[in-house]
Amino acid sequence: MLGLPQTTEVKKIIPKRALYSKFELNTAEQKEFDATIKQMTIVNEISLRTIPALQKKEQEKAVFVLAVQLKQEGCAERLLQRLCRLIDQRLLLALCYEDKLQLALYFDNRILLNEFMPVAEQKVHLQGTSLNDIWEHLALQVAQLKPRAGLTPASVIANAGRRAEIEAQIAALTKKMFAEKQARKKLTLREAINKLKKELEDLS
């Protein structure tokens with residue numbers, strides 16, 4: 001299903017009702033899961049057990065690939081975040097709908113997503129000598145970002161997130177500035193925009 005080399009394939013279905021019971025989800029939360037998710041199955045494991053050549057470091061968690069069969073194309077980010085927090089493992093989510101697949105990953109308190117594409121085209125590669133290395137490089141691939149010299153993968157992802165926030169702020173302030181009639185307020189907005197643009201340049 002997913003181009004993921006050097007891993008051990010497993011098949012362990014996670015019953016939704018067991019999840020609901022274990023974490024005491026209320027009726028509304030259960031309905032939201034049921035309306036979006038058809039089935040969840042752990043299909044791959046990346047760990048010291050499955051890849052013995054990895055460096056053995058304390059407190060490094062395994063990574064599990066969780067195939068999530070969706071009832072529709074797309075899933076709310078808050079629902080994916082909730083799912084990852086409930087299961088509390090390093091999860092690479094393979095969101096499946098019909099013949100398409102989207103990858104998602106919960107990293108540094110944010111959900112990273114790539115696009116839905118045909119299953120055969122959806123591939124990731126394992127990079128690194130430890131589980132932490134592999135996890136961080138998976139995050140980069142899902143976020144569709146390239147490694148940068150002198151920056152950790154976590155920093156690259158954080159910078160990309162901040163850039164997206166700044167660009168959204170600039171767009172909102174620019175729209176507000178063009179609609180503003182008072183010259184003084186226009187000037188204040190322009191100064192705020194220029195300050196954000198400078199921060200954007202510093203992140204480049």
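Analyst: A residue is called buried when its relative accessible area is under 20%, exposed when it is over 50%, and partly exposed in between (1.4 Å probe, protein chains only). This is a predicted model, in which local features need pLDDT of at least 70, side-chain atom pairs count only at pLDDT 80 or more, and totals for chains, interfaces and linings use all residues. Residues are numbered from 1 along each chain as its sequence is written, and side-chain values use heavy atoms, with hydrogens and water left out.

User: What makes C84 count as buried?

Analyst: Its relative accessibility is 5%. The limit for buried is under 20%, so C84 counts as buried. C96, at 6% relative accessibility, counts as buried by the same rule.

User: Which residues of helix α3 are buried, and how do you know whether they share a side?

Analyst: Helices are DSSP runs of H or I with at least four residues, strands are runs of E with at least two, and both are numbered from the N terminus. In α3 (residues 77-87), the buried residues are L79, L80, L83, C84, L86 and I87. They cover an arc of only 160° around the axis, which puts them on the same side of α3; the arc is that of the directions from the helix axis to the C-beta atoms. The face turned away from that buried side carries the exposed residues R78 and R85.

User: How do you know that the length of α6 agrees with that of a helix?

Analyst: The expected span is 1.5 Å times one less than the number of residues. For the 21 residues of α6 (residues 183-203) this gives 30 Å, and the end C-alpha atoms are 30 Å apart, so the two agree. Within α6, L189, I193, L196, L200 and L203 are buried. Seen down the axis, these residues fall within an arc of 65°, so they line one face of the helix. What covers them includes α5 (153-179). The face turned away from the buried side carries A183, R184, K195, E201 and D202, which are exposed.

User: Why is the pair of F107 and W135 called tilted?

Analyst: Rings of Phe, Tyr and Trp (its six-membered ring) pair if their centres lie within 6.5 Å; planes under 30 degrees apart count as stacked, over 60 as edge-to-face, and the rest as tilted. The ring centres of F107 and W135 are 6.4 Å apart and the planes stand at 45°, so the pair is tilted. F107 lies in strand β5 (residues 100-107) and W135 in helix α4 (residues 131-143), 28 residues apart, so that the pair links distant parts of the chain. Both F107 and W135 are buried. The structure holds two aromatic pairs, of which this is one.

User: What makes Q102 count as buried, and what does Q102 touch?

Analyst: The relative accessible area of Q102 is 10%, and the limit is under 20%, so the residue is buried. Q102 is found in strand β5. Contact means heavy atoms within 4.5 Å; not counting residues up to four places away in sequence, Q102 touches L93, A94, L95, L113, N114, E115, F116 and Q122.

User: Why does Q144 count as partly exposed?

Analyst: Its relative accessibility is 45%, which falls between the limits of 20% and 50%, so Q144 is partly exposed. Q144 lies in the loop between α4 and α5.
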